[in-house]
Amino acid sequence: MSRKIKEESRARVPISQRAEWFDVRPVPQDDGPNPVVPIAYTDEFTETMDYFRAVYLADERSPRALQLTQEAISFNSGNYTVWQFRRVILEALNVDLHEELEFVTGITRGSSKNYQIWHHRRWIAEKLGTDVAGRELVFTKEIFSQDAKNYHAWSHRQWVLQCLGGWEDELAYCDELLEDDIFNNSAWNQRYFVITRSPLLGGLEATKDSEVAYAVKAILAKPENESSWRYLRGLYNNNLSSLSEDPRVASVCADVLKSGSDYVHALNMVLDLLCRCYEPSDELKNSIDAISPDSCSSDSSLAQKVCHILQIVDPMRANYWEWRKSSVPV
């Protein structure tokens, strides 16, 4: 137990000794006559929840009940019933939700992967409206500085953008995140979310050309990064026919193959295109032939050669590539 928790425990006055609670009879937890694996709750937790059950069953919507939910949350911030009843009390007492947002912000910093906390935060933001959009976006940035892939924070950020606004600088923020870490798949996902959902950018068709150029640049920088390849596919809604019609796709594959760096994802892309009857350029054919091992039969089709290379350079999925080889065009 940390020093802070120990100090708080010593300073805490038991609820049963507080004058404002003398009129309440606590309701113990009923685990039945013979609980199989009883949980060893602390005395403080047990007392707090016993009193919480009492006010909850009485549907007491008072300042003392609100304070009690705060104590209960301090012991277990994942208790859905406590949070739900706190919201009922907040509405009944018409509490300033800006103060409640401050309260939940402090808790979020210490438990940023707690679903109940983010759900409560969204409820508050929805009540306060567009005035807190900027604040919420700034707060999620704070969380990302500690954990760039925090799912709950990303979900909250997307909700804020869609419901409260704040799209103006979002694509630039994605640029910033990807410049810091090009492997950040959450930032790639957010970038796609922005170009397809932002009312300021005109949709995927309006941004496709520049985004393809962005993806190609990212691929050339780090060919081993699957996220940028997936992003490129997403720009065409994974439609391989559309991918094959854009010469930049085959060109980046050829460039990666010629570079001699990690080309598993480039070969995977080429294989998918070949399986859709794509007619490769001489440049691409030569790039594949240049890395084709001697063990590859000269009678093999180009697609079969690609599968053979992938079996060697991607041994973890060798059986998969063997299976693919059996179904490619000959």
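Reply: **Helix packing and the interior**

The axes of helix H10 (residues 185–197) and helix H12 (residues 226–234) come within 10 Å of each other and cross at roughly 15°; here axes are lines fitted to C-alpha atoms, for helices over the stretch in contact, and angles run from 0 to 180 degrees between N-to-C directions. The model is a predicted one, in which local features need pLDDT of at least 70 and side-chain atom pairs count only at pLDDT 80 or more, while totals for chains, interfaces and linings use all residues. Residues are numbered from 1 along each chain as its sequence is written, and side-chain values use heavy atoms, with hydrogens and water left out.

Helices are DSSP runs of H or I with at least four residues, numbered from the N terminus. H10 and H12 are therefore roughly parallel, a term for angles under 35 degrees, whereas those over 145 count as roughly antiparallel. H10 passes H12 in a right-handed crossing, meaning that the near helix is turned clockwise from the far one by less than a right angle. On the H10 side the contact (heavy atoms within 4.5 Å) involves Asn-185, Trp-188, Arg-191, Tyr-192 and Ile-195, and on the H12 side Ser-227, Ser-228, Tyr-231 and Gly-234.

A second pair is helix H4 (residues 80–93) and helix H5 (residues 97–110), whose axes come within 12 Å and cross at roughly 160°. This angle makes H4 roughly antiparallel to H5, and H4 likewise passes H5 in a right-handed crossing. Trp-83, Arg-86 and Leu-90 of H4 meet Leu-97, Glu-100, Phe-103, Val-104 and Ile-107 of H5.

Turning to the interior, a nonpolar core is a set of buried Ala, Val, Leu, Ile, Met, Phe, Trp, Tyr and Cys residues joined through side-chain atoms within 4.5 Å, where buried means under 20% relative accessible area, exposed over 50% and partly exposed in between (1.4 Å probe, protein chains only). The largest nonpolar core has 53 residues, of which Leu-232 and Leu-284 touch the most other members. Helix H15 (residues 264–274) gives the most to this core, with 8 residues. Apart from it lies another core of 41 residues, which includes Met-49, Phe-103, Leu-137 and Val-194.

Finally, a search of the whole structure finds 0 disulfides, a disulfide being a pair of cysteine sulfur atoms within 2.5 Å. Cys-307 is buried, at 0% relative accessibility, yet its sulfur lies 6.7 Å from the closest cysteine sulfur, in Cys-275, too far for a bond.

Definitions and conventions: Helices (H or I, at least four residues) and strands (E, at least two) are DSSP runs, numbered from the N terminus. Angles under 35 degrees count as roughly parallel, over 145 as roughly antiparallel, 65 to 115 as roughly perpendicular and the rest as oblique.
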